[in-house]
Amino acid sequence: MSIKKQQKRANQSCLKGHAYSCARLGDLKFQSVRYGSQPEASLSKYPSEDCWRFQKSIRDYKKSCEMKNSYGCHKLGVVATSCKKGKKALIYYKMACNLKKKKSCYTLGNIYTKNKNHNDAMYFFQQACNLKHSTSCNILGENEFKKKKLIMAKSYFQKACSNKHLESCLRLGQLEEKYFKNYKSARQFYVVICKRLTNKKNYNTLRPHLFAQLPILQLKGCFQLGHLEEKYLKNYKDARKYYALTCERLADNKKVSRRRMAPLSTRKELAKACLNLAKLEKSKFNDSSKISNYHQIACENGHPSVCQKMPKRN
């Protein structure tokens, strides 16, 4: 359906008093104004191109917000931000947050964080977390962890993890392993993350060319899982499997361009899986056939000491 037809339909619903349709109409008007079409005469009046593009939408957003629609109020906050009207943006974001728009509460938390107002930031992150905003719950968990309130940190990470926030699942596994010594529970959280890498449905979205964007957390989960299986659960077959999965995917990193390549510090951390795998193959499985390959991958990913031990190629 064309934008004009969508605008017509949204306008009809808006006139009938459907609040969200008014906000949707504002979005469609914004989309219909293409980038790069701002006249030069308006450049001094509007601080950004988005601010100029939003002008036709403001009335529709206001109408939606007046009807107590949280999305309309949130969009007014976005408009005020793009027009560099910080005080107005705060007013509209607070209205949207009070109407249970979790993104607005999260945005307020970020604004107060930038302004170094820690108490207000945590208040709005709490509001967002109560509305099941996983990133906000993760931020609260990290804040409690810094205070060494591990049980509170764990509860926030659990909320975030239950809403598919993988970083929180990883943090939960680390908490359970290092502080609570509950290795079976830690394993469950690491499995949640590592499964995202091995799941066939996710294979196309976790291809090597997207290495820098997507699989880092998943690979960390697999590495931690291998370490847990080896050191605490003494399940060497599974440890071998998870180390190998991490190491093999790390080898794929050579296929991507340098701009997309994962940072060296991250690759160095993950390359420990290759070193651990080499030791495991030798000590537990008496298989030395692939050890040089694992050392090569570690060498290429931030472990120069391994390079010196490797035989020189002719």
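In helix 7, the buried residues are Ser 104, Cys 105, Thr 107, Leu 108, Gly 109 and Tyr 112. The model is predicted. Those buried residues pack against helix 5 (70-82), helix 6 (86-98) and helix 8 (118-130). Just after helix 7, Lys 116 has a positive phi of about 60°.

The largest nonpolar core holds 39 residues; Tyr 243 and Cys 274 touch the most other members. Elements giving two or more residues to this core include helix 10 (150-162), helix 14 (236-251) and helix 16 (272-284). Helix 12 supplies the largest share, seven residues. Leaving aside residues up to four places away in sequence, Tyr 243 touches Phe 223, Gly 226, His 227, Glu 230, Ala 273, Asn 276, Leu 277 and Leu 280. Another core, of 18 residues, lies apart from it, with Leu 90, Cys 97, Leu 108 and Ala 160 among its members.

Aromatic pairs number nine in the whole structure. The Tyr 20 and Tyr 71 ring centres are 5.6 Å apart with planes at 50°, so this pair is tilted. Tyr 20 belongs to helix 2 (residues 19-32) and Tyr 71 to helix 5, so the pair ties together parts 51 residues apart in sequence. Tyr 20 counts as partly exposed, at 40% relative accessibility. Phe 30, Phe 54 and Tyr 61 form one aromatic cluster.

Arginines also sit over rings:

| Arginine | Ring | Distance from ring centre |
|---|---|---|
| Arg 53 | Tyr 35 | 4.0 Å |
| Arg 240 | Phe 285 | 4.0 Å |

Definitions and conventions. Residues are numbered from 1 along each chain as its sequence is written. This is a predicted model: local features need pLDDT of at least 70, side-chain atom pairs count only at pLDDT 80 or more; totals for chains, interfaces and linings use all residues. Side-chain values use heavy atoms; hydrogens and water are left out. A nonpolar core is a set of buried Ala, Val, Leu, Ile, Met, Phe, Trp, Tyr and Cys residues joined through side-chain atoms within 4.5 Å. Buried means under 20% relative accessible area, exposed over 50%, partly exposed in between (1.4 Å probe, protein chains only). Helices (H or I, at least four residues) and strands (E, at least two) are DSSP runs, numbered from the N terminus. Contact means heavy atoms within 4.5 Å. Rings of Phe, Tyr and Trp (its six-membered ring) pair if their centres lie within 6.5 Å; planes under 30 degrees apart count as stacked, over 60 as edge-to-face and the rest as tilted. A charge sits over a ring if NZ of Lys or CZ of Arg is within 6 Å of the ring centre and within 35 degrees of the ring normal.
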